[in-house]
Each structure stands twice: as structure tokens, then as C-alpha cells.
Amino acid sequence: MKRSLVEILACPVCHGGLELKVEVEEGGEVITGSLHCPKCPADYPIEESIPNLLPPEKD
Amino acid sequence: MKETDIKKTVRENYARIATQGSSCCGATSSCCGNSTGLAENISKSVGYTDAEIASAPEGANLGLGCGNPVALASLKEGETVLDLGSGAGFDCFLAADRVGKRGKVIGVDMTPEMIEKARRNAAAGGYENVEFRMGEIENLPAADSSVDVIISNCVINLAPDKKKVFREAFRVLKPGGRLMVSDIVLTQELPDFIRSSVAAYVGCISGALLKPDYLEAVAAAGFRDIDVIDETVFPIDALANDPTAVAIAKTLDLTPEKISDLASTVLSIKVSGVKPG
């Protein structure tokens, strides 16, 4: 995932902005990390450069 | 069937397609032999040009859609495009060529195997302006008013809550942004025994709405200037080669006449709408 695309991203639940936490980055591409929604609060993982923004499973 | 069960079934089925290749290669089908050729034939029959089919990375075209070349043709350089249910990425790659380096294409799909396949295809094709993310089209992971064009190719029928999909599409579009989707709709209610079939749902048929209800859902979300750009009977060849359709025919003991009747009630439509500016 490219850093520049964070501005388009939003939490799938509250539609609020997300905070990017980078663990591994290669050439402007975030490979591993997470996107944090401070409002919900929820964490969405980024693995192999793909953010998983599926809404958290409801029990 | 419960909403969560539908999602689970759809995800499992498309995960299988992602790992096995073309939609032709389902477990119940024996039509394989030349699956790439079949996907290409289906794509041609729904309106893609030879050049478009050839330009996308190998494996990106699974021959699953009802085709949306009109939407692709409308894209302008620099636009931000969101593809609902991007699958292996075929339409995203064609869109990426249209919007160019200043544009962006984002594909959303809820099936991890499809996303993985799309990501590999993007890397193989060297696409810099395409990104994929795992998400649901009823809960789009995109900010309000952030996208110029929403495209979607034969996917919304699979969503349990279609009204919500259109509301979400409306929310993320910029004022003046447009919806350009193709989908399956019905001209009349399906017989109960087909409507209740899980296989038929996954094969894009029993989850489909009646055409007036579909257009009403688009309008209810707030879209204006709604236009049915094109409408064709769902390609019977695609249906006959679709493993899920073949499975339905087998399990329900359908005669070729019954299948042909069914096919005439299933339409592929291309719909456009605008979010008022």
C-alpha cells in the first residue's frame, strides 16, 4: 500500500480517518503495518502490502 | 439464508475460483481443457476488445463478469476510480491504463485469495497506479467524497444488502462523481426452487433484483440522471459454461428448454448515475 493512498482510506465502520503505523516499508510501499481507527477504536492489519479493511466480525 | 451465511458462501466459492483459474474450472464442471480461451471468449461476447483483453496481465481475466467496457471508456486521465468487487483485477488494470499516472484505481474485494491474485497480477504487469484492499462493498473503506468514478462488474447482485452498497457508493463519490456499473437483473421473479438455491446465488442469479427494484435502489441512494446504457440477455454461453449454472441444472434436473427459459429472464445491464454536484 502506498502512503499517498491513506488520505482516501477510511474506517469501514465509522468512516473516520485512519492512522498509519508502518512496520516494514520498501520504496514508498508499506509492506507490513496497520491502520488504526482512533474513534472505534479498531486496528486493521496491513500484510504483504494489502490492508485488510473488512469490518470486525460481530459476535 | 442468513446474510452472514451468504457472505461466507460467496467468499468460499470465489476463493476457489481464484485458486483454480477461470470460472470454467469449477469442481462440478468438466469443460476445462482450455480455460484461458474460454475466459477470453466470454469477455469478447460481453464487449471487451481484443486489445483490452491482451493488455491485462495473464490470469487477471477470469471471464466472470458481465462486462463493463462502457464504464472504462468514460474514464478520464487523472481520475480516481474505485472498483467494487475487483476480483483478479482485470477491470482495474484496464481502468489504470485509462486514468494514467496522475490517476488512481482502487479495487475492493472481500475474498483474500482474489486480492492476492490481483496483487500478483499488478506486480507482474508493473502497475504503479493500482491498489487493492480487502473490504466489503456494503462497508467501503473509503473516505467521504474521495472518488470520481465507481465501477463494478457483475458483483453487486452478490451483496445481501444492495441498497447499502449504493448508499456507500454515493457517500464515497465526490459531488458530480459518477456510478458506472454492470450487473445482473431479472425481468420476472424466479421460481422458488431456484431462488432458494445457494449455488444459484453464487452464480449471480438468485441474488439478483428485479430491474425496477434495482433502479429504485440506485435512486433511493440519491443518484440522479440514472440511465440504463445497455441491456442484453445474459450471455447463454457464459451460463452454459459456468460451473455453478451447470451444477444448478444438474441438481435441479433442468431440461435445456427450462434453462433457456431461465436465461431469458436474466438480463445483463449497464447503469450510470450521477451524485449531484
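Over all chains, the count comes to 15 salt bridges, a salt bridge being a side-chain nitrogen of Lys or Arg within 4 Å of a carboxyl oxygen of Asp or Glu. The model is a predicted one, in which local features need pLDDT of at least 70 and side-chain atom pairs count only at pLDDT 80 or more, while totals for chains, interfaces and linings use all residues. Residues are numbered from 1 along each chain as its sequence is written, chains are lettered from A in the order in which they are written, and side-chain values use heavy atoms, with hydrogens and water left out.

One of these salt bridges joins Lys8(B) to Glu12(B), whose closest N and O atoms are 3.5 Å apart. Because the two residues stand four apart in helix α1 of chain B, about one helical turn separates Lys8(B) from Glu12(B); helices here are DSSP runs (H or I, at least four residues), strands are runs of E of at least two residues, and both are numbered from the N terminus.

We turn next to the place where the chains meet. Here 19 residues of chain A are in contact with 24 residues of chain B, contact meaning heavy atoms within 4.5 Å. The size of an interface is often given as the accessible area lost when the parts come together. Between chain A and chain B the buried area (accessible area, found with a 1.4 Å probe, that two parts lose on being put together, summed over both) is about 1,800 Å², and carbon and sulfur atoms give 60% of it. On the side of chain A, the residues that lose the most area to chain B are Ile8(A), Ile50(A) and Leu54(A), which together make up 33% of what that side buries.

On a 1 Å grid over the protein atoms alone, a pocket is an open set of points with protein on both sides within 12 Å along at least five of seven lines, whereas a cavity is a set where a 1.4 Å probe fits but cannot get out, and lining residues have an atom within 4 Å of a point. Points are joined across faces, edges and corners, and a volume is the space filled by probe spheres set on them. The structure holds two cavities of 30 Å³ or more.

Finally, the peptide bond from Cys40(A) to Pro41(A) is cis, with omega near -25°, and Ser145(B), although not a glycine, has a positive phi of about 50°.
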